[in-house]
Amino acid sequence: MTLIEQVKELHAEGLYSNLKILASMLLTMTDHSTDMFSPMCKYQLQAYFADSLYETLEYKRAEAMYRKALQQRKAASKNNRAKTSSSTPPQQWQPSEVELKYKIYQCHMHLKESRDAMSILESVPAKQRTAKVNMALGKLYQKAGMERSAISCFKEVLRQCPLSLEAILCLLALGVKVAEVAGMTMAGVQGLQNSEWLSSWIKGHAYLSTKDYSRAINTFNTLDKKTLLRDNLEVLGALGDSFYKANDYKNAIAKFERIHMLDPYLLKGMDLYASLLAKENKADELQQLGTALFQVSDRQPEPWITLGYHCACVKRHTRAIYFAAKAYQLNQESVQALLLKGSTLQQIEKTQEAILHYREVMRMVPDRLESYEGLVECYLSNGRNREAVSVALNACKTLGYTPSTLTLYASVLMEDPPSQDKAKSTLDRALSIKPDYLKAVTMKVKILQIKQKYEEAIELLRSQLVNQSLCVLHQLLGDCLSAVSDYQEALDQYSIALSIDPTDQKSLEGLQRIEKNGNNLEASQDEDVDAMEDEEEAELLGSDAEAQWSDQEQWYGVQ
């Protein structure tokens with residue numbers, strides 16, 4: 001077995017640390033003895049050495065060595081063209097030039113050099129681009145906002161590999177019509193057995209991309225319950241995402257919890273699951289989830305984000321910011337890391353820094369409601385109402401006039417007393433779309449309280465409590481009943497609220513107010529009773545004296 005064959009054997013066995021030492025020594029030897037290896041063997045030796053560097057995480061050295069191999073290949077090709085007797089045509093050399101360029105792209109991506117990564121892939125002639133080159137180039141174009149070029153690349157991927165499901169998702173996200181995407185896919189899988197689920201899967205993601213969340217939920221539910229895809233993690237993930245974007249956080253949590261139970265080693269989507277648990281202030285569940293995810297990997301952002309949300313829940317803001325920064329360092333495309341850091345900065349009143357993070361999220365993914373909500377809250381806290389109105393209107397235009405965006409817009413209008421009637425009508429519009437949308441209900445109640453329309457607020461709250469018995473609704477009803485002096489029922493509502501959440505501060509304060517008023521009332525009643533008793537006693541004493549004086553007069557008269 002020759003030296004180069006020994007190198008190939010190490011490469012084939014994946015012994016990259018061994019290969020790295022041997023290849024380094026052999027390449028040094030070729031520098032001192034140019035005829036030791038043929039041009040083709042030297043090229044292969046450089047390529048294998050570059051692979052060993054890449055696999056041992058030395059990306060900068062690997063990128064430089066791949067480029068040397070590329071130059072060696074070109075030089076050897078010219079030499080072979082001059083020598084027609086060569087037994088190995090350049091096109092049969094392994095790895096190919098396209099493969100080398102793809103590996104250089106991978107090095108640039110690890111080094112976070114997107115522009116250089118795009119440049120090396122663009123240097124591959126269009127006719128020579130493989131499916132993975134087109135897929136990688138399409139993602140880079142999409143990230144850079146070059147939508148037409150990205151669409152062309154993803155369509156080429158789909159033409160070469162009709163079941164490239166990620167390419168389908170990318171095309172739908174870029175606004176390509178579902179009929180065109182489905183047509184390209186189904187034409188390539190005609191006659192394929194067990195592919196009847198594919199059209200429903202495409203349709204579900206099409207609804208998701210066009211923000212038709214109710215239809216997306218129905219479609220994915222059907223796939224989960226009535227097909228062979230029951231308990232499939234990809235379908236459940238899409239279903240959880242649909243519930244989340246429809247602001248149905250309870251069902252979204254249930255789906256992600258089911259995913260985690262089915263596969264505790266899955267990290268995808270667990271950062272979103274953590275953010276939903278944080279909304280419910282479930283600190284214990286977050287800690288358990290974070291611990292479990294760290295046992296899977298500490299090189300992915302999801303475990304760090306999960307513990308970050310746990311720290312935010314227990315008011316350990318400095319650590320939450322650190323964990324968010326660590327997650328973003330691991331993956332600079334992690335939207336949830338930016339949202340976690342932005343919300344935590346907002347909690348400690350570093351609003352200007354929080355604004356920068358929310359804006360970055362908005363640039364990366366314009367369809368995340370949290371970035372708009374965070375920006376609006378930051379602007380309002382700084383008295384920048386005009387910018388808050390602009391952001392809220394932009395949310396409505398970008399995400400559609402949904403209950404959540406309309407409620408966000410109403411929250412800005414509420415801050416200006418002359419606009420409160422408009423805010424109320426905006427909330428009515430939101431409730432006409434989703435009658436049980438909690439944020440809209442609570443906000444409308446607050447407006448009615450400001451306007452002292454307590455009876456209307458009580459009627460609204462009673463109608464809501466028929467279908468959802470929530471702590472905040474009972475607490476607000478207690479406040480309104482207290483305002484109309486119905487103290488006994490107000491006490492009942494505060495008690496129900498505290499039975500749901502014993503730590504609810506507003507309900508506790510409401511109870512204390514009523515008890516204090518009750519004590520004052522009892523004291524006032526006691527004073528009134530005492531005064532009445534004094535008056536009665538005085539009257540009795542007066543009548544006795546008069547009677548005695550009358551008796552004396554009569555006695556003296558007799559005498």
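Residues are numbered from 1 along each chain as its sequence is written, and side-chain values use heavy atoms, without hydrogens or water. In this predicted model, local features need pLDDT of at least 70 and side-chain atom pairs count only at pLDDT 80 or more, while totals for chains, interfaces and linings use all residues.

The largest nonpolar core holds 156 residues. Such a core is a set of buried Ala, Val, Leu, Ile, Met, Phe, Trp, Tyr and Cys residues joined through side-chain atoms within 4.5 Å. Buried means under 20% relative accessible area, exposed over 50%, and partly exposed in between (1.4 Å probe, protein chains only). Leu 45, Tyr 66, Tyr 105, Leu 121, Phe 154 and Tyr 309 touch the most other members. Helix α3 (residues 39-55) gives the largest share of this core, 9 residues. Helices are DSSP runs (H or I, at least four residues), numbered from the N terminus. Beyond its neighbours within four places in sequence, Tyr 105 is in contact with Ala 117, Ile 120, Leu 121, Ala 136 and Leu 140. Contact means heavy atoms within 4.5 Å.

Helix α18 (residues 317-330) has 14 residues. From first C-alpha to last, α18 reaches 20 Å, close to the 20 Å expected at 1.5 Å a residue. The expected span is 1.5 Å times one less than the number of residues. His 317, Ala 320, Ile 321, Phe 323, Ala 324 and Ala 327 of α18 are buried. Seen down the axis, the buried residues of α18 fall within an arc of 165°, so they line one face of the helix. The arc is that of the directions from the helix axis to the C-beta atoms. These buried residues pack against α17 (301-313) and α19 (335-347). On the other side of α18, Thr 318 and Gln 329 are exposed.

The structure holds 0 disulfides (pairs of cysteine sulfur atoms within 2.5 Å). Cys 170 is buried, at 10% relative accessible area. Cys 471 is buried too, at 11%.

Gln 420 lies in helix α24 (residues 420-433). Gln 420 is buried, with a relative accessible area of 8%. Leaving aside neighbours within four places in sequence, its contacts are Leu 413, Met 414, Ile 447, Ile 450 and Lys 451.

Gln 452 is not a glycine, yet has a positive phi of about 60°. Gln 452 sits in the loop between α25 (438-450) and α26 (454-465) and is exposed at 58% relative accessibility. Ser 485, also not a glycine, has a positive phi of about 70°. Ser 485 belongs to the loop between α27 (471-483) and α28 (487-500) and is partly exposed at 46%.

Methods:
Helix = DSSP H or I, 4+ residues; strand = E, 2+ residues; numbered from the N terminus.
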